[in-house]
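I opened this notebook to record what I looked up in one structure. The entries follow the order of my reading.

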Amino acid sequence: MGLSDLIDVHHHYIPPFYLAENRERIAGSRGGQISAAWLGWSPERAIEAMDSSGVRTGVLSLSTPGVWFGDPVAARQTARQVNEYAADLSRSYPGRFGLFAVVPLPDTEGSLREIEYAFDVLNADGIGVLTSYGDKWLGDSAYMPVFEELNRRNAVVFVHPTTPLCCRTLLPDVAQLVSEVTQDTTRAVTNLLFTGTFSRFSSIRFIFTHAGGHVPMVYGRMLQYGPKNIAEKAPNGVEYELRRLYYDIAGTAFRPAISALTSLVPTTQILLGSDNPYVPLGDTTKGMMQLGLTAADLRAIGRDNALALLPRLKAG
């Protein structure tokens, strides 16, 4: 694998206007503080990190808390602004950036409009959503019109975890990043599975972060304690639905996590993701090389699987 051909599908950006307008909200969603990574981001620093880690392309996405703060008009405006900002970066730095466009969920109508604009005008590679909004996870019926449209478009959907309102102070002495964000990925996957959303919208290609949270660990419990009508919700079986999802390795490029993930899904479903700038990109690329994977698996995870999923990146 060359030194400049990796693709990072979990690469965050922080538009300066977004940070300025939402600084207190961002801090509130992250335990009251904003890290230096938030404050110091720039496209030049992102490219510097990519170059030093052998990453050719980073697919941009907005991290939690996203754009929804209770005002549909403001959420629509912010989604459009941050998506156009990312698209401008892609044009300014050819081949270096892709885009998972943000949508203003739980505003369904606004999200449908932004999906159309993101794909038809901005040529986005996919759509980025959060695991939950308020007290509703992604399998909620309120989101079905959005998933119907994404399914019609055979879209790639990048699902980033957040910490729901219910769980931000459960363990005051433990950072939310340690347990809550991974748990919300697990909640979202379980909810989408048990509501039949995965099987109903089978043309959507979902990417879940951080090796799927706790999904490999609770697979057996899904089988044992799933709903009585699971055969109706997942006609092809639980394992089938979980094995066709995609998972990135952001924050999980360690043998225990990857051993659990590879025991459940084939390496064709695993992607390089870094969480840059919140986790230094090099931490993931170096960690990936120490997992004991074959050269073929490293190339698949580091590049080829992403190109098969996001063919527009080949042009870069």
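**Entry 1: the model.** I worked from a predicted model, in which local features need pLDDT of at least 70 and side-chain atom pairs count only at pLDDT 80 or more, while totals for chains, interfaces and linings use all residues. Residues are numbered from 1 along each chain as its sequence is written, and side-chain values use heavy atoms, with hydrogens and water left out.

**Entry 2: make-up.** I noted 15 helices and 10 strands in the protein chain; these are DSSP runs numbered from the N terminus, helices being H or I of at least four residues and strands E of at least two. Of the 316 residues in the protein chain, 55% are buried (buried is under 20% relative accessible area, exposed over 50%, partly exposed in between, with a 1.4 Å probe and protein chains only). I also looked up contacts (heavy atoms within 4.5 Å): among those between residues at least 6 apart in sequence, 78% join residues at least 24 apart.

**Entry 3: α6 and α7.** I found that the axes of α6 (residues 108-120) and α7 (residues 144-152) come within 9 Å and cross at roughly 20°. The axes are lines fitted to C-alpha atoms, for helices over the stretch in contact, with angles from 0 to 180 degrees between N-to-C directions. The pair is therefore roughly parallel (angles under 35 degrees; over 145 is roughly antiparallel, 65 to 115 roughly perpendicular, the rest oblique). On the α6 side, the contact is made by Thr 108, Ser 111, Leu 112, Ile 115 and Phe 119, and on the α7 side by Pro 145, Val 146, Glu 149 and Leu 150.

**Entry 4: aromatic rings.** My search of the whole structure returned 10 aromatic pairs. Rings of Phe, Tyr and Trp (its six-membered ring) pair if their centres lie within 6.5 Å; planes under 30 degrees apart are stacked, over 60 edge-to-face, the rest tilted. Tyr 93 is partly exposed at 24%, whereas Phe 97 is buried at 4%. I recorded one aromatic cluster formed by Phe 147, Phe 198, Phe 201, Phe 206 and Phe 208.

**Entry 5: backbone.** Most residues other than glycine have a negative phi, and most peptide bonds are trans. I noted a cis bond from Leu 105 to Pro 106, with omega near 10°; Pro 106 is in the loop between β3 (97-102) and α6. His 210 has a positive phi of about 55° and is buried at 9% relative accessibility.
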